[in-house]
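These are my notebook entries on one protein chain. I set down what I looked up, in the order in which I looked.

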Amino acid sequence: MAVAVRGGRIGSGGGSVLRSFFSYRIFVSAMFSLLFLATLSVLLSSHPSHKDAAVESAGNAHVRRSFLAWQSDPVKTRLELIHNQANNHIALVNAYATYARKLKIEISKQLKMFDDLAKNFSDLQLRQTYRTALFETDGAVDEDVLRQFEKEVKDKVKLARSMIAETKESYDNQLKIQKLKDTIFAVNELLLKAKKNGAFTSLIAAKSTPKSLHCLAMRLLEERIAHPEKYKDDEPKPEFEDPSLYHYALFSDNVIAISVVVNSVVKNAEEPWKHVFHVVTDRMNFAATKVWFKMRPIQGGAHIEINAVDNFKFLNSSYAPVLRQLESANLRKFYFETMAENATKDVNNMKFKNPKYLSKLNHLRFYLPELYPKLHKILFLDDDVVVQKDLTALWKIDMDGKVNGAVNTCFGPFHRLSEYLNFSHPLIKEKFNPRACAWAFGMNMFDLDAWRRERSTEQYHYWQNLNEDRTLWKLGTLPAGLITFYSTTKSLDKAWHVLGLGINPSISTEEIDKAAVIHFSGDMKPWLDIAMNRYKHLWTKYIFVGTFGFSSQAPSTYSAIQGERMADQSPKLTRIGLAGLAVMGQNLALNIAEKGFPISVYNRTTSKVDETVERAKVEGNLPVFGFHDPESFVQSIQKPRVIIMLVKAGAPVDQTIKTLSAYMEKGDCIIDGGNEWYENTERREKAMAELGLLYLGLGVSGGEEGARNGPSLMPGGSFEAYKYIEDILLKVAAQVPDSGPCVTYIGKGGSGNFVKMIHNGIEYGDMQLIAEAYDVLKSVGKLSNEELKNVFSEWNKGELLSFLIEITADIFGIKDDKGDGYLVDKVLDKTGMKGTGKWTVQQAAELSVAAPTIEASLDSRFLSGLKEERTEAAKVFKSGGFGDILTDQVVDKEKLIDDVRQALYASKICSYAQGMNLIRAKSIEKGWDLKLGELARIWKGGCIIRAIFLDRIKKAYDRNSELANLLVDPEFAKEIIDRQSAWRRVVCLAINSGISTPGMSASLAYFDTYRRERLPANLVQAQRDYFGAHTYERIDVPGSFHTEWFKIAKNISN
């Protein structure tokens, strides 16, 4: 019975206890299992593979894009963080639930298994054979039955023990903890090894010469060998030793890097002809560097001296301790024999084994007085810097007798001397303060006179001799510089030199924009594949500066620099893309390519792509690359990608954005170059920001001719997007000799499109005024087309000099190729439009800004469109005695021509004044802070309304940026006063002759209204108060008043 009782416990009460035990175990097991999974996740995700990093879910991508888009708004950032926190915990709870469900299934199986086993025990003892023979017999126990029973019990006990042993691990917390610790330790070891291998691989990538640079040097050398007569050495220039000029020292074996530094200095210099570059390279790159600068002559009249380091005979091991040390077998063994075997043992020490430290070039900076004995000051630049501003102010800084001017790099406990020098050495500890601030090489102003006075070279030799065994510092030039110039360094403002673009991905755009020099310090140099895309464009935009002069047998600009690098890639990465290849798109693409920027092109109609590529070949083998599908088009552009769209405004723009953005990544940029409504641009900019993309609205003026040879460009929107392509726009835009490229960053939001819209509104007015001048001269003055051509040609030599006057003269001279006479007389008098004029007038109404000239031009186009109605109306009025011209008076042609000229000029001033007032009103409303004088400057070339008197408009706003109206500028006021009599004669003559001059009449009315102190508006306001109680103000008493006009009038009449 004892067995029966035990069996009953297992089968009933025992099952309940077992279930309680299992429930507790499930909870504990789930907790530790989740801890294990979470730990693994953290460890493994802390160093994701490149492949894994590139794969992300759409949801995660959206969260990251949203965060980037909102990072400038603290409230939105907080909301994003809360949103992320909630999502993370949802994922955690789901993970717990999934694992708990899994455990529940496993535990259910175990529970059923143990229940079955317990039942088997019970069934065994309750089996009728055993009960009768063993438990319920009064006689002797049957031994055979007992042996059988014993065997079955032992088998089931063995099975039970086996099952318990297998499941024990799930409930043994100590065992589980130990296994987790073992797993964490193993994963951590793998992580450390991966980090070391990654660091070593990064070091190799950073310090190896890219194939593209090596092949470029070889091609340049090949060019010199093929054409030795073209590359004879020049005689030394006197400027090389002229201390009154601005001298730069640049030591490098990288041809492209040298070019970028030189180009960036010259491009941003106010007086480039006063700048002298002293370039020193190694023997292998000496010839290549000279060929490069022969083919790409330095711009702006600047001077360049190129030398090989081996040409300086005083630099030998007997004079320079570091050269003696570099030649030692011990040092070379330190570099090469132990580098590979220790590569993954000491990650922190690997950077000190950089073979560049074995180069003479790296130590040449400590011999500047010997290299340039006749100079007083020189600016040292590293080859991984880019200059963004004019640097001449550095030569004017008072150095206070110091030798070295540099930017300090210390913050908190970091970048102090203790990081660079061995303060366990008694000599270092005695002479230097470990807390002293370190500074940076890269941009250093050296006072060579102070250097000689302080005997800094001797100091350098002294300390270099002491460090032969590398006990004072490890290696490199910075520790030696910190010691040599320890007490003779002047700290410069940090805005002069911003470092870290080769290592720090979080430098702010504002900090970069303010910097005079940006420095790609770190391993991720801009010419390497591992460079950070966020900063790379700041460097690449200075590669293609000036013209390129390879002979026909030598590689083109694109293939020379990119070809070898892209030889094993398809397609080649281009600098920019353009989608939309109607005439404007094709011409702009060819313009960009002609300026040295490789460009990808795409169009929905693929024949347009092929046509554009063929044009590029015909027009000079320009680097234009065509693509028939949007994905390959987008992927062909270097990151961060920049794509210009030139498609019809409205829905086609949205569709194109949708198509292209599907293949674009965070940080890429879309630019709309069409005539788009400015609010659409602002809407799209916000939508793109949510996707992590940048957006720019780019006004392009100049028509197809301007697009091909140089338009006026009006970019507005993301300033970061503008900086991406600033180098391209500055080259592509029209160039005006006295005022530079016709492009400037307009402002935020839709400001670029708005300014382009008003530009077009002014254009409407300008064209209408010219048409009215033509009408008066032809209809009243009876001038022939030949005479009109001569008149407008003459006008284009004076104050009316402009694109529209020029082309008008051309039009009058073109004869009809399909019949007799002149073509202009065969053109239907019905003017088309695309909408920007209408938008301008709508904005004038919304902003309450008077623009009667522009409005009159729009009305004239509306009326011109009623050709059939006008034809019928002419018949009606002719039958009543009204012909086209009411009077057939004889006029003095010369007098009329001069009067019309003056009236046209005065009217144009009014038209431009109205446009500028519209821009100012919208700028105030939107907070754009637009510079009207700068807008006048960029309209001086390339655009349709370009005119000589825009220079005078710019000067007017330069004199007074708060000018209320161009009419009250002293110079313009005088010109209008001088011309107003002729102006009135022309308008009166036109009215008496029955010729409509709505533009000139509206301009004259605008002038007369604006110049009068008192207008009849008092009567209009009195009428409004009479019938609508709208109140009025008085001229003698402040406040608002209402009069019961009707009652008073009634009483008077009574």
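**Entry 1: a run of parallel strands.** I began with strand S1 (residues 246-251), which pairs with S2 in the parallel sense over six bridges. The model I am reading is a predicted one.

I then followed S2 onward. Six bridges also join S2 to strand S3 (residues 303-308), and these two strands run parallel. Here Thr-281 has Ala-308 in S3 as its bridge partner. The chain goes from S2 to S3 by way of helix H11 (residues 283-295), and this β-α-β crossover is right-handed. As a reminder to myself, strands of a sheet pair through backbone hydrogen bonds, either parallel or antiparallel.

Entry 2: Is strand S2 (residues 275-281) enclosed or open? I found that seven of its seven residues are buried, so S2 is largely enclosed by the rest of the structure. Buried here requires under 20% relative accessible area. Both faces are covered: His-275, Phe-277, Val-279 and Thr-281 are buried on one side, and Val-276, His-278 and Val-280 on the other.

**Entry 3: a buried helix.** I next examined helix H19 (residues 477-484), where seven of the eight residues are buried, so this helix is largely enclosed by the rest of the structure. The buried residues are Thr-477, Pro-479, Ala-480, Gly-481, Leu-482, Ile-483 and Thr-484. What covers them includes helix H14 (360-363), helix H16 (426-431) and helix H18 (456-466).

**Entry 4: a mixed sheet.** I traced an open sheet of three strands, in the order S5-S10-S9, with mixed pairing. Strand S5 (385-387) and strand S9 (497-498) are the edge strands, each pairing on one side only. S9 and strand S10 (residues 517-519) run parallel and are joined by two bridges. In one of these, Val-498 has Ile-518 of S10 as its partner.

**Entry 5: nonpolar cores.** Which residues have the most contacts inside the largest nonpolar core? I recorded Leu-777, Trp-795, Trp-939 and Ile-953, in a core of 85 residues. Helix H36 (residues 893-926) gives the most to this core, with 14 residues. Beyond four places in sequence, Ile-953 is in contact with Tyr-912, Met-916, Ala-936, Leu-966 and Phe-972. Another core, of 58 residues, lies apart from it and has among its members Phe-520, Trp-527, Leu-538 and Tyr-542.

**Entry 6: confidence.** The chain has an average pLDDT of 82, and 85% of the residues score at least 70. Confidence is highest in strand S4 (residues 377-381), at a mean of 97, and lowest in helix H1 (residues 2-11), at 35. Over residues 1-28 the pLDDT stays under 50, and the model has 24 contacts for them beyond four places in sequence. Residues 34-72 also have a pLDDT below 50, with 41 contacts in the model beyond near neighbours in sequence. Where pLDDT is low, the predicted coordinates should not be read in detail.

**Entry 7: the whole chain.** The chain has 42 helices and 21 strands, and 48% of its 1054 residues are buried. Of the contacts between residues at least 6 apart in sequence, 72% join residues at least 24 apart. The chain exposes about 52,400 Å², of which carbon and sulfur atoms supply 56%.

Definitions and conventions: Residues are numbered from 1 along each chain as its sequence is written. This is a predicted model: local features need pLDDT of at least 70, side-chain atom pairs count only at pLDDT 80 or more; totals for chains, interfaces and linings use all residues. Side-chain values use heavy atoms; hydrogens and water are left out. Buried means under 20% relative accessible area, exposed over 50%, partly exposed in between (1.4 Å probe, protein chains only). Helices (H or I, at least four residues) and strands (E, at least two) are DSSP runs, numbered from the N terminus. Contact means heavy atoms within 4.5 Å. pLDDT is the predictor's confidence in each residue, from 0 to 100. Two strands pair if DSSP finds at least two bridges between them. A nonpolar core is a set of buried Ala, Val, Leu, Ile, Met, Phe, Trp, Tyr and Cys residues joined through side-chain atoms within 4.5 Å. A crossover is right-handed if, with the strands pointing away from the viewer, the path from the first strand over the helix to the second runs clockwise. Accessible areas come from the Shrake-Rupley method with a 1.4 Å probe; for residues, only the protein chains shown count as cover.
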